[in-house]
Amino acid sequence: MSNKFWYLTKQSLKKKIKSKWFIGVNIMLALVIIALININSIISFFGGDFSENTKILVVDKTEISYPIFEQSIKTIKKENEDAKITIKESNKSEKELKKDLKDNQVAIIFENDKDEFIIAKVISKEKIDNTTYQYISQGLNATKTSVALVKTNTDPILLAKISSPITTERIVLNDKKSVDENMEMVMGSVFPTLILPFFMLIIFLVQMIGGEICEEKTTKSMEIIISNVSPKTHLLSKVVASNVFIIIQGLLLVLYSIVGILISTKGKLSIDPSIDSLLTATVESGFLDKILTLLPAIIVMLILSFLAYSLIAGILAAMTTNMEDFQQIQTPIMLVLLAGYYLAIMAGMFDGSILIRILSYVPFISCLVSPSLYIIGQINMIDVIISIIVLIITIILMTKYGLRVYKVGILNYSNEKIWSRFIKALKSKDM
Amino acid sequence: MLQVKNIIKYYGENKAVDNLSFEVKDGEIFGLLGENGAGKTTTFRIIMGLLEATKGEVLLDGEHIDYSITDKIGFVTEERSLLTKMSVKEQIVFYGILKGMKEKEIEKELKKWLKDFQIESYENRKIKELSKGNQQKIQFISAVIHHPKLLILDEPFTGLDPINVELMKKAIYKLQKEGCSIIFSSHQMEHIENFCEKLIILVKGKPIVDGYVKDIKKEYKKKNVLIRGEELPLKELEEIKGVISVTKQKDEYEVKIESETVAPKIFAKIKNCNITKYDVTEPTLNEIFIAKVGEVHE
């Protein structure tokens with residue numbers, strides 16, 4: 001019997017991997033992932049440039065503004081790693097500057113003013129993007145303040161103190177653990193990116209197992225298969241095959257990402273500054289520490305969730321008699337999954353809510369919600385363990401009662417509504 | 001030998017099979033008849049071990065049928081049960097391995113069967129590209145590739161032209177000679193009459209006719225008298241006590257009678273007519289089926 005089990009598993013896996021659907025989806029996924037990682041290069045290729053520096057040429061008619069403005073821009077660049085600005089003093093006249101100004105250049109002319117101390121003209125060929133303009137305005141305002149203080153003979157030491165950024169100490173009284181505001185940013189960007197592949201893999205899983213069982217049933221080949229292997233062996237072979245399939249698919253997603261990064265860095269494993277700053281934020285926020293602590297639990301929970309989803313998809317697919325039925329049964333599974341996904345990325349909004357804590361125990365969504373709540377400190381390891389135990393109990397119950405439904409369902413072609421067939425099969429004692 | 005002993009099967013409150021018993025010896029072809037919903041598919045599923053009988057037992061060569069011996073059974077389902085995206089070879093290898101065979105052994109057997117059915121060139125063709133008749137042949141091959149001890153044929157001739165029906169009959173007889181017990185189900189009574197030595201007719205899961213075909217026909221009292229002649233006294237014939245009906249069929253008349261004893265009275269009435277045919281025949285299985293099933297419904 002075990003030979004037949006492995007043969008069915010191998011056959012099911014081979015069929016899926018050799019299918020045009022799998023090849024097509026993977027070509028698309030590879031292209032999308034590589035393209036997203038290299039989006040800057042693609043945009044540059046078509047004429048845009050995210051990483052191009054804005055060169056500021058400064059004509060200082062006041063004779064004291066340039067060094068102060070240069071210092072302000074340096075401070076801004078230090079505080080904002082994405083600020084791509086360079087600064088240089090120019091001796092050209094306004095007319096010459098306007099004539100020679102290039103697309104990526106901005107000319108600033110400082111002039112003395114009786115009332116305002118200094119005024120500045122900002123000249124560019126095209127509109128300046130919002131962020132760069134904000135940095136320039138910030139620099140100009142700081143320069144004006146400093147020039148004003150100098151002109152009003154303020155003590156240089158006092159001036160330095162006034163100009164230096166404020167020292168802040170962050171204390172949150174209502175949190176037991178140290179909290180960094182970076183965590184919000186990480187939860188808003190890193191976490192959804194991390195769980196998106198799992199969301200996709202579960203969709204693949206449900207479609208694979210359900211589609212295959214539905215096909216075998218609608219072609220009536222199920223009768224022949226089930227006359228040779230038990231329904232239990234059949235269902236388990238599908239579960240194993242579909243789980244191996246999504247592991248392969250998951251590894252392929254990692255491979256596409258590595259290829260994308262290698263293309264982006266032209267073979268050198270250096271990290272783009274924007275990704276680097278995100279990684280720094282991830283480490284500094286404590287996100288990485290928490291996710292590493294939780295990693296064994298996350299792996300167990302994911303494997304169990306994959307099992308649970310494949311079992312439920314298989315059991316429900318056994319009740320189908322045609323592809324429309326299969327589409328109908330997919331909907332609730334997808335809705336539950338989607339709810340889990342959104343709850344996970346919006347977990348921070350439900351600070352202190354008992355409901356969200358209870359939802360983190362709910363099988364099928366716990367694998368998404370629990371890690372999210374643990375990372376933001378709303379639940380602890382005991383809650384995560386409770387989620388795992390609930391998931392295990394669910395799998396045991398699904399195996400016990402689900403197999404009953406499966407055995408009855410795969411040979412049932414009645415025209416009754418799918419859910420009433422399901423209930424009848426559940427009540428059936430024909431094991 | 002297959003032994004079905006007093007099986008009863010309930011679906012909820014509905015009795016699908018009601019105390020059914022029969023035996024199919026090695027090399028015997030057995031007919032299982034019944035109108036739609038009579039319990040044939042349930043009976044087949046119980047025999048195959050797919051369903052458990054509420055009561056009774058099914059033995060193959062003295063052993064209870066479970067997954068340890070289902071490799072000895074072959075099943076041709078009424079509707080096609082093929083994975084149409086597969087090629088012929090892939091499909092037969094798939095079912096063959098599920099029957100416990102080795103791939104090389106399956107390929108060797110497949111070549112023989114494809115030759116017998118004159119479709120050798122279809123080995124690597126996708127099943128969905130084949131005609132209905134050829135798909136039926138592939139379905140048959142998939143059921144017998146492992147030389148089963150018990151073969152269940154549910155409407156095996158569906159979609160086949162007369163030439164291919166003959167090819168399949170030959171194949172079935174070949175298996176019969178090998179000692180395979182065959183259960184045959186069809187709505188085409190002439191196939192049952194040709195093939196089966198024994199049969200059962202099921203109505204609402206209950207066997208209403210059971211035994212050897214020749215005995216069933218003999219025991220069925222009603223006969224048919226076929227007459228061909230000129231100026232036959234049709235009205236007088238209809239008035240004879242024991243005559244059920246007189247109908248014209250092409251160039252002759254069929255007189256249905258209550259029993260064989262009525263036949264001499266008919267002959268007495270027509271002996272002076274210019275008759276070229278007078279034949280007292282046994283009823284067809286089709287007539288017995290309609291009559292017996294009708295009686296139960298009345």
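Which residues does B:I182 touch, not counting residues up to four places away in sequence? The list runs B:I29, B:F30, B:L151, B:L153, B:I172, B:L175 and B:Q176, where contact means that C-beta atoms, placed from the backbone, lie within 7 Å.

Before going on, a word on what you're looking at. This is a predicted model, in which local features need pLDDT of at least 70 and side-chain atom pairs count only at pLDDT 80 or more, while totals for chains, interfaces and linings use all residues. Residues are numbered from 1 along each chain as its sequence is written, with chains lettered from A and ligands numbered from 1 in the order in which they are written.

Back to B:I182: along with A:L205 and B:I152, B:I182 has the most contacts inside the largest nonpolar core, a set of 138 residues. Such a core joins buried Ala, Val, Leu, Ile, Met, Phe, Trp, Tyr and Cys residues through C-beta atoms within 7 Å; buried means 20 or more other C-beta atoms within 10 Å of the residue's own, exposed means 12 or fewer, and partly exposed is in between. Helix α12 of chain A (residues 287-318) gives the most to this core, 14 residues. There's also a second, separate core of 20 residues, including A:V58, A:F69, A:I87 and A:I118.

Now for a spot on chain A. A:A30 sits in helix α2 (residues 20-37), helices being DSSP runs of H or I with at least four residues, numbered from the N terminus. A:A30 counts as partly exposed because it has 17 C-beta neighbours inside 10 Å.

Finally, the chains meet through 17 residues from chain A and 21 residues from chain B. On the chain A side, α9 provides the largest share, 5 residues.

Terms used
Helix = DSSP H or I, 4+ residues; strand = E, 2+ residues; numbered from the N terminus. Contact = placed C-beta atoms within 7 Å.
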